[in-house]
Amino acid sequence: MNQEQVREITYAQAVAEAIDEEMARDENVVLIGEDVGIIGGNFKATVGLRDKYGDWRVKDTPISESGIIGLGVGMAITGMRPVVEIMFSDFIALGMDQIANQAAKIRYMSGGQVKVPLTIRAAMGGGRSSAAQHSQSLHAWVAHVPGLKVALPSTAAELKGLLKTAIRDDNPVVFMEHKVEYNKKFPVPEGEYTIPFGKANVVREGDRLTIVATSNMVLKSLEAADKLGKEGIHVEVIDLRTLVPLDKQTMIGSVKKTGRLLIVDEGHLSFGAGAEIGMGIMEDVFYDLDFPMMRLGTEDCPIPFSPALEFPIIPDAKKIYEKAKMMAKR
Amino acid sequence: MSAQKRSSKKKGTSDGNRYEEDFLKNLYATMYRIRQFEEQVFELYKLGLMPGLAHSYIGEEAVATGACAALQDRDYIVSTHRGHGHLIARGADTKKMMAEVLGKKDGYCKGKAGSMHIVALDKGILGANGIVGGGIPIATGAAYMAKYKDTKQVTVSFLGESATNEGTFHESLNMASAWDLPVVYVVENNRYGISVALDRVTKMQDIAVRAQAYGIGGVTIDGNDVLKVYETVKEAVASAREGQGPALIECKTYRFKGHHVGDPATQYRTREEEAFWKERCPLVCFRDYLIEKAGSDEKGIVALENAINDEIQEAIVFAKNSPYPDAVEAFEDIYFEGR
Ligand SMILES: Cc1ncc(C[n+]2csc(CCOP(=O)(O)OP(=O)(O)O)c2C)c(N)n1
């Protein structure tokens, strides 16, 4: 990456930029969702798009999650490429029939007659004292349903490339944006680029332990890895980028090298993505392991409001550091 | 069927000779084709040849027939779990439908849909649906596409009266109305959602009044009168096509059989009620009308009926002869892999 090509924009601006470029490129791309238009979204991730593309392409909808996801399904199967914003990922619960039973199934049940180029963007994650109904990380819900793809971008640069890929994908994609990232600035290359799905990113190389992380946990894992690096413990950090498709090969290669795997994902621990990631590669790496695979995730309790309660239950750099250090002991 | 005997109760037809005989005969042929298809599906079920279940459209044929006759080829429909009638009225191939119902490779959806979820894109059929109310926002989205691209296509969304108690109904009507989308909601009010009569769970018995709450013109009509359905839907479709926004048409009708092929319907409705509606059989009434008012010759009608009986028998043979899909096909069409 050429130095002068890199500038800094926020994660939210990266959303708007990705959608803007895709809308300019293809008039079938439209954006619909609650408050996405005049105010540019609850998280200001779509600012400027309505002014540029007009009310019919950037549509402020009623508060009807099931209705608007279904609207997106209908548009997608009749030749459009809609992007539906669900303000908080918790609200996919209200649209779950349209996601899991309609969007995910109609291609299959039609015997391949239709395709569903639909992107559902939703804001996930805790850390803002938003309490139990506005803080969840529910990507495992959707990753469980065949027919859907699931992406979790970690930085603005990742987000931009992955969102453009999501919009161009001819399948329904649930795109989980982490809400604590929206206002953070990241270096993002100028110009158009895409990042393919199913290709994990080795963000930091190391030999003592592999950390596989998703979304915001990638950043927290890097923080922990930096600290461990100063102590001479070199940790490899992998940003999974997409849960579906899942890049097992990159993880397997890394764990064969390091012999140790820590999975860090913000979903609840029980029946979560961490368990699936570990079990998904177990048979390939079992005899290479020097230590049991371990997981960090949000504790199995609803996400509490008070910061005094919330932060202790969500993984952070300190917890990752401690766990990784313990695992890396020889 | 004696025309004379029934001449006093033509409750199922409009009056007057406003239409060409061919047009009327085509309507009758469609209704008869649906009836025959459904009767044969029931037979296949009784013989144990049909996997799963099917929801019979018998008694409601005039709704699908009248509504689809009002559409152009490029228009869309979205159907329900009780979808065979909508599909046939839209011109779907009964061979491919029957093969799908039997879970065969040559079915519309290669055996992945069965009775309840058939999609036939070449006929503008965006899908039947196993989820009550599931198709309503999808139809509304197709209408958004048509409005956005100014394609002048109209979408008809079929739904049962019980589906109007789902949130998707209200969410969809609200959006369609706010944005003047070209969609016509055709509600088939057959009074029952499985075993539950509408008056046990809903105060208002005319679903059309619900449309008014969304600023949509809602009308209640006799859903067993195929010409009435045709005329009402035609007007609504024309107005939607011109950009005047959505409409809701409630068709009062009745399903003669149980909720699905395995339901005897003995516990929740009376034999008197069934008899009342059978007197108003849309098929019989329209047949009488053809002979008495439209000057059709009964021999010609019998010939038409026989030809359709043969067609459905051929569909059954085709479906029976079609192989089952290979087990590996279960993994096909989950994702679109191409570019
Ligand atoms: C969301 C959902 N809830 C319940 C069912 C089970 N179910 C299938 S059909 C039906 C009754 C639907 O009644 P109505 O919409 O009036 O259509 P009708 O069967 O009368 O044609 C029910 C409850 C379902 N398929 N989907």
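**Notebook: strands, ligand shell and ring pairs**

I began with A:V30, whose bridge partner in β4(A) is A:P82. I note that the model is predicted, so that local features need pLDDT of at least 70 and side-chain atom pairs count only at pLDDT 80 or more, whereas totals for chains, interfaces and linings use all residues. Residues are numbered from 1 along each chain as its sequence is written, chains are lettered from A and ligands numbered from 1 in the order in which they are written, and side-chain values use heavy atoms, with hydrogens and water left out.

**Entry 1: strand β4 of chain A**

I take helices (H or I, at least four residues) and strands (E, at least two) as DSSP runs numbered from the N terminus. Two strands pair if DSSP finds at least two bridges between them. Strand β2 (residues 29–33) of chain A and β4(A) run parallel and share 5 bridges. I found 4 bridges between β4(A) and strand β5 (residues 119–124) of chain A, also in the parallel sense. In that pairing, A:V84 stands opposite A:I120 of β5(A).

I then checked burial, where buried means under 20% relative accessible area, exposed over 50%, and partly exposed in between (1.4 Å probe, protein chains only). Strand β4 (residues 81–86) of chain A is largely enclosed by the rest of the structure, because 6 of its 6 residues are buried. In a regular strand, side chains alternate between the two faces of the sheet. On one side of β4(A) I list A:R81, A:V83 and A:E85, and on the other A:P82, A:V84 and A:I86, all of them buried.

**Entry 2: helix α4 of chain A**

I counted 6 buried residues among the 8 of helix α4 (residues 96–103) of chain A. Among them are A:M96, A:I99 and A:A103.

**Entry 3: the ligand**

I counted as near any residue with a heavy atom within 4 Å of the ligand. The shell holds 15 residues, the closest being B:H81, B:R82, B:G130, B:S162 and B:Y192.

For polar contacts I used pairs of N or O atoms within 3.5 Å; within protein, one atom must be able to donate a hydrogen and the other to accept it, and residues adjacent in sequence count only if both atoms are side-chain atoms. One ligand oxygen atom lies 2.7 Å from an N or O atom in the side chain of B:H81. A ligand nitrogen atom is 3.1 Å from a polar backbone atom of B:V132. The protein covers 74% of the 580 Å² of accessible area that the ligand has on its own (Shrake-Rupley method, 1.4 Å probe).

**Entry 4: aromatic pairs**

I paired rings of Phe, Tyr and Trp (its six-membered ring) if their centres lie within 6.5 Å, with planes under 30 degrees apart counted as stacked, over 60 as edge-to-face and the rest as tilted. The whole structure holds 17 aromatic pairs over all chains. B:Y19 and B:Y230 are edge-to-face, at 5.9 Å centre to centre and 75° between the planes. These two residues are 211 residues apart. B:Y19 is partly exposed at 22% relative accessible area, whereas B:Y230 is buried at 8%.

B:Y192 and B:Y268 form a tilted pair, at 5.4 Å centre to centre and 50° between the planes. They are 76 residues apart, and both are buried. In chain A, ring pairs link A:Y11, A:F43, A:F88, A:F91, A:Y182 and A:F186 into a cluster.

**Entry 5: B:S79**

I located B:S79 in the loop between β1 (76–78) and α4 (84–89) of chain B. B:S79 is buried, at 2% relative accessible area. Its side chain makes a polar contact of 2.8 Å with the side chain of B:H86.
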